[in-house]
Amino acid sequence: MEAWFSLLAGLFFAAAVYLILSKHLIRTLIGIVLLGNAVNLTLLVAGRLTREVPPIIADGLDRLPGNAANPLPQALILTAIVISFSLFAFLLVLAYRAYRVLGTDDTDRMRFAEPVDEPAPPKGY
Amino acid sequence: MAASSVIDVSAALAAGPATAAQWLVVLPAASCLLLSAVLVMLWRQPRLQQLLAVAGLAFLVLVDLLLLRQVLATGPVTMVMGRWLPPFGIAFTADLTGVLMALAAALVAFVVCLSAAGERETSGRGDGFYPMLLMLMAGVSGAFLTGDIFNLYVWFEVLLIASFGLIALGPERAQIDGALKYAVLNLVATTLFLIAVGILYAVFGTLNMADIVMKAPDLRETAPLVTLTALFLLAFGMKAAAFPVNFWLPAAYHTPRPAVAALFAGLLTKVGIYALLRVTVMLFPPEREQLEPLIATVAVATMLTGGLGALAQNDIRRMLGFVVIAGIGTVLAGLSLGGPGGIGGALFYALHSMVLMTALYLAIGEAGRIGGSFSLAALGGLYGRHAGFAGLCLCLFFAASGLPPFSGFWPKAMLVKAALDVGAWWLAGAMLLSGFLLTIAFGRVFLMAFWRPAKETAPPVLALRWQAIGPLLLLAALVVGFGAFPELLLRTVQDAEITLDNPQAYLGSVFPQGAAP
């Protein structure tokens, strides 16, 4: 089970890296979303997968049964989802504004902070 | 058949309420978060926002000072959330390394806030600067003081979102461009960190740093800890702008207004450095030793990129971006050396660099404002108009190049000596070479922008503003003071190195009754 999920996470990572390397901003953004999901899958597998028992302490028992699912990765993933969602929302707005202000979504042509024709520093006094 | 329905959880709960010293550990992050929320509510009253932000950051400096006194007196202090003892609850642990960084960060933020208050007096319009500044400080303080590695990730994200907001505050096209590159690459770096945390949890089953330190020896034989450490190295190296993942820094740091750039240069890369020190020196020391050749190579490449990049810039703000990178390289050189000289030197250099880089960005921002340009080709005549300011800048330039008698000299001397002691002459040589390149770059700035008479066609040099010079003097006093009297800081840094390298006191503070179940 873990092996299959690891493979799936690996596929996610591969797709994410491929998209992030694109010079079109919108693909980079989709790549970042995929990367976030790949990480969430990794976290889930990190806590080991069991399907038998939900992590709820039954009436009359005082501890979790041994084969219960691990609740901690779910808490971690929930935190990570909330954080990556908010950061991604900000990034979308920023990218849209960049598209409006800079007039392009091609990162090769976004040379406003580092102009191509920046002069060399003066050589003499 | 039914077991007793009353569960005894007393062993997992802290006894009694937290002491005042323990509250001090969470106060920096908590007070900043709270004040940030209050400042958002005062959006339409910039005056009041300003006043509260300055007062809040002064309070932060005070709290960090008290915490430093406490840690110096009793060793590391731990506070647990919701009374759940570690490894169940999230722990905040302040040791000397964390407190020193937090204090330096608070000082830097206080000075930047003062400077920004002066800078913004003319505009009179409210915006998100102060709330985001406080939010950033919550993230930075939390990152320096937390004892839980997932919690560290959360604080990273808090400071990241605040920094996104700060860097994008403004109308310029270059700023949007810089902000976008900064945002994408830093988000990827933080995601890499989260991957490393996931694998760490898969290996250890715990996220508390003290617990990891205790469990590591048993797992060292079977678990892929070197790979894990390498992943942390990549993630934090990207945060700290180490070669070859440094290109976001010179693309972004010169675009926002000087106060924001100064804040970023002082704090953000150093949070990466701190996390790197914490993970490699405290959690995985044998793995750090195995990765030493890699870290040393990265350090040399980073220092030379910084030095050569600084030489190649015409825009003096962009030059400073490369100076930051060269400083990161020096810290990494210390990390690759290890031992009291290497780690102590790296820590000293990181603290010095926080103060100095902020001062440099503020000074260059003011120089560009009064000179009317940031281009080396256009600037001139600053010395003739403001000799005192030129002297102040020269002091900062010398400190950044690592020349005596300023605070940059001592950590560099420590690191060069540590390198020569282990026979790493090439590392020592690279440090000296990068210092030499920076000396040339700064010498040229002083020659062109300050000494050279102004061109006839150039606009006249403006008057200085005391709102900019006052805060700058405060930082310069630290640079000169710790250059002239380094003993106090030297001794404290060495103590910090000992608790980081041999974390018995740290473990004792997190688990007072010995090992956890």
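**View 1. Burial in chain A of the predicted model.** Of the 125 residues that make up chain A, 26% count as buried. This is a predicted model. Among contacts in chain A with a separation of 6 or more, 55% join residues 24 or more positions apart.

**View 2. Helices and dimensions of chain A.** Chain A has three helices and zero strands, and its pattern along the sequence reads α-α-α. The C-alpha trace of chain A spans about 85 × 35 × 25 Å along its principal axes. The radius of gyration of chain A is 22 Å, whereas a compact globule of 125 residues would have a value near 14 Å.

**View 3. Contact between chain A and chain B.** Chain A brings 37 residues to the contact and chain B brings 40 residues. On the side of chain A that touches chain B, helix H2 (25-46) and helix H3 (72-102) each supply at least two residues. H3(A) gives the most to this side, with 14 residues. The side of chain A that touches chain B is made up, by class, of 26 nonpolar, seven polar and four charged residues.

View 4. An unreviewed UniProt entry lists residues 148-435 of chain B as "domain: NADH:quinone oxidoreductase/Mrp antiporter transmembrane". Over residues 148-435, chain B is 81% helix and 0% strand.

Definitions and conventions. Residues numbered from 1 in each chain as written. Chains lettered and ligands numbered in written order. Predicted model: local features only at pLDDT ≥ 70, side-chain atom pairs only at ≥ 80, totals over all residues. UniProt positions renumbered as here; feature names shortened; annotations may be inferred. Helix = DSSP H or I, 4+ residues; strand = E, 2+ residues; numbered from the N terminus. Contact = placed C-beta atoms within 7 Å. Nonpolar A, V, L, I, M, F, W, Y, C, P; charged D, E, K, R; others polar. Rg over C-alpha atoms; globule rule 2.2 N^0.38 Å. Buried ≥ 20, exposed ≤ 12 C-beta atoms within 10 Å, placed from the backbone.
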